[in-house]
Amino acid sequence: MILVIDVGNSRIKAAVFEDAILLEVFAFTKIELQKNIENILNKFEKVTHLVVASVGDVEKQSFLEFNSQVNVCFVSNNDPFPFHNKYSTPKTLGIDRMVLAAGAVLQFPYQNRLVIDAGTCITYDFIDDQNNYLGGAIAPGLRLRYESLHLYTAKLPILELENPNTLIGNSTFDSIHSGVVNGVVFEIDGFINEYKTKYPNFIIILTGGDTVFLAKRLKNTIFANSNFLLESLNQTFQYKNQQ
Ligand SMILES: Nc1ncnc2c1ncn2[C@@H]1O[C@H](COP(=O)(O)OP(=O)(O)OP(=O)(O)O)[C@@H](O)[C@H]1O
Ligand SMILES: CC(C)(CO)[C@@H](O)C(=O)NCCC(=O)O
Ligand SMILES: [K+]
C-alpha cells in the first residue's frame, strides 16, 4: 500500500493506493501536514511507502520524520519518466507537470494528449503520440484571478468563485464573475481550438481543484478527473520501480 502526496501551491492532496486502486483521498493545509500523515498511517497500517511530489514550500524534513515507519521517496526531475522531455529548460519544469505528463502517457498510450490542470495555476501540457513532452502554458487559476483583481486594484472587492449570471456583467460583482469565469472558460476552449489547428486528434484530460466547476462549462469534450495527478503519482512511482 502506498501513500502519495501532492504538495501544491495552496494546499496538499494525498491518496492511499492498493496497487492501482485508489482507496481514499485527503486534502489539507501545510500546517495540518504532520497530523494528517499520522492519521492516515494509523488508519492504513499496511502503507509501506510515502511518495511525495512537491511544487510547494514544505521542508523535506516534515516527511522524513516518518522514515522509521515507512519508506519516504521524493519524486524528482532526475527520476525516469516515460516520455522524451523536449522542454528547453527541463530542470525548471514543475514536477507536477512531469507527473501529469507521465500519467497521460501511461493511461493513454499511443495518442496525442493535452493535460489541463486547473489549480492555483492553470497549466497546459502537451505530449505527442511519439511520447515527446513538448511543453504548454502556465496561466493564473480561477482563485488567483479573483485575488489579484482585489489585491492590485483600489476598488475591487474579493469575491468567491461563482457562476456568472450573464456574459455582459451589469454590476461590479457580475462583471468580475464574468471576467474571471468566462475568461477562464474562453481561454481553455481557445487553447484547445488552437491546438486542434496543429494536431487534428488528441485527447484532453482536465484535473485540479477546479475540475468539477469547469468541466460542465467547457464546449470541448474532455476527460475530467480531479484525482488525475494523484493517480499519475502512483503510476510514476510504479514505473520507476519497474526500470
Ligand atoms: N480548500 C480550497 N483551497 C484552495 N482552493 C480550493 C479549495 N477548494 C477548492 N479550491 C479551488 O481549487 C483551485 C486550486 O486548486 P488546487 O487545490 O488543485 O491547487 P493547489 O493545491 O495549489 O495545487 P496546484 O499547485 O497543483 O495547482 C482554486 O482555484 C479554487 O477555486
Ligand atoms: C506552474 C506551477 C506553479 C504549477 O503548479 C508548477 O508546475 C511550477 O512551479 N513549475 C515551474 C515552472 C515550469 O513548469 O516551467
Ligand atoms: K496546477
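Predicted model: local features only at pLDDT ≥ 70, side-chain atom pairs only at ≥ 80, totals over all residues.
Figure 1. Residues are numbered from 1 along each chain as its sequence is written, while chains are lettered from A and ligands numbered from 1 in the order in which they are written. Ser10 counts as partly exposed because it has 15 C-beta neighbours inside 10 Å; a residue is buried with 20 or more other C-beta atoms within 10 Å of its own, exposed with 12 or fewer and partly exposed in between, the C-beta atoms being placed from the backbone. Asn9 also lies in the loop between β1 and β2, and is partly exposed, with 14 other C-beta atoms within 10 Å. Leaving aside residues up to four places away in sequence, Asn9 touches Val55, Gly56 and Thr120, a contact being a pair of C-beta atoms, placed from the backbone, within 7 Å.

Figure 2. UniProt positions follow the numbering used here, feature names are shortened, and annotations may be inferred rather than shown by experiment.

**Figure 3. The surroundings of ligand 1.** Ligand 1 has 16 residues around it, of which Gly8, Gly119, Thr120, Arg143 and Gly209 are the closest; a residue is counted here if its C-beta atom, placed from the backbone, lies within 6 Å of the molecule. By class, this shell comprises 4 nonpolar, 8 polar and 4 charged residues. Nonpolar denotes Ala, Val, Leu, Ile, Met, Phe, Trp, Tyr, Cys and Pro, charged denotes Asp, Glu, Lys and Arg, and the others, Gly among them, are polar. Domain 1 (2–74) and domain 2 (84–233) each contribute at least three residues to the shell around ligand 1.

**Figure 4. The surroundings of ligand 2.** The residues around ligand 2 are Asn9, Val55, Thr92, Leu93, Gly94, Asp96, Arg97, Cys121, Thr123 and Ile138. At least two residues of this shell come from each of α3 (95–107) and β8 (121–127). The shell divides into 4 nonpolar, 4 polar and 2 charged residues.

**Figure 5. Asp117 in strand β7.** Asp117 is placed in β7, a strand of residues 113–118, and the unreviewed UniProt entry covers Asp117 with the annotation "binding site". Asp117 is buried, because 27 other C-beta atoms lie within 10 Å. Apart from residues up to four places away in sequence, Asp117 touches Asp96, Leu100, Ile122, Thr123, Thr207, Gly208 and Leu229.

Figure 6. The chain is assigned domain 1 (2–74) and domain 2 (84–233), with bounds from an automatic or database domain assignment. The centres of the two domains, taken over C-alpha atoms, are 25 Å apart. Domain 1 gives 13 residues to the contact and domain 2 gives 11 residues. On the side of domain 1 that touches domain 2, β1 (2–7), β2 (12–18), β3 (21–28) and β4 (49–54) are the elements that supply two or more residues. β4 gives the most to this side, with 3 residues. The residues on this side of domain 1 divide into 7 nonpolar, 4 polar and 2 charged.

Figure 7. Gln34 lies in helix α1 (residues 33–43) and counts as partly exposed, with 13 C-beta neighbours inside 10 Å. Gln34 and Ser62 are 28 residues apart along the chain, and their C-alpha atoms are separated by 6.9 Å. Gly190 lies in helix α5 (residues 172–198) and is exposed, with 10 other C-beta atoms within 10 Å. Between Gly190 and Lys219 there are 10.0 Å from C-alpha to C-alpha, at a sequence separation of 29 residues.

Definitions and conventions: Helix = DSSP H or I, 4+ residues; strand = E, 2+ residues; numbered from the N terminus. Contact = placed C-beta atoms within 7 Å.
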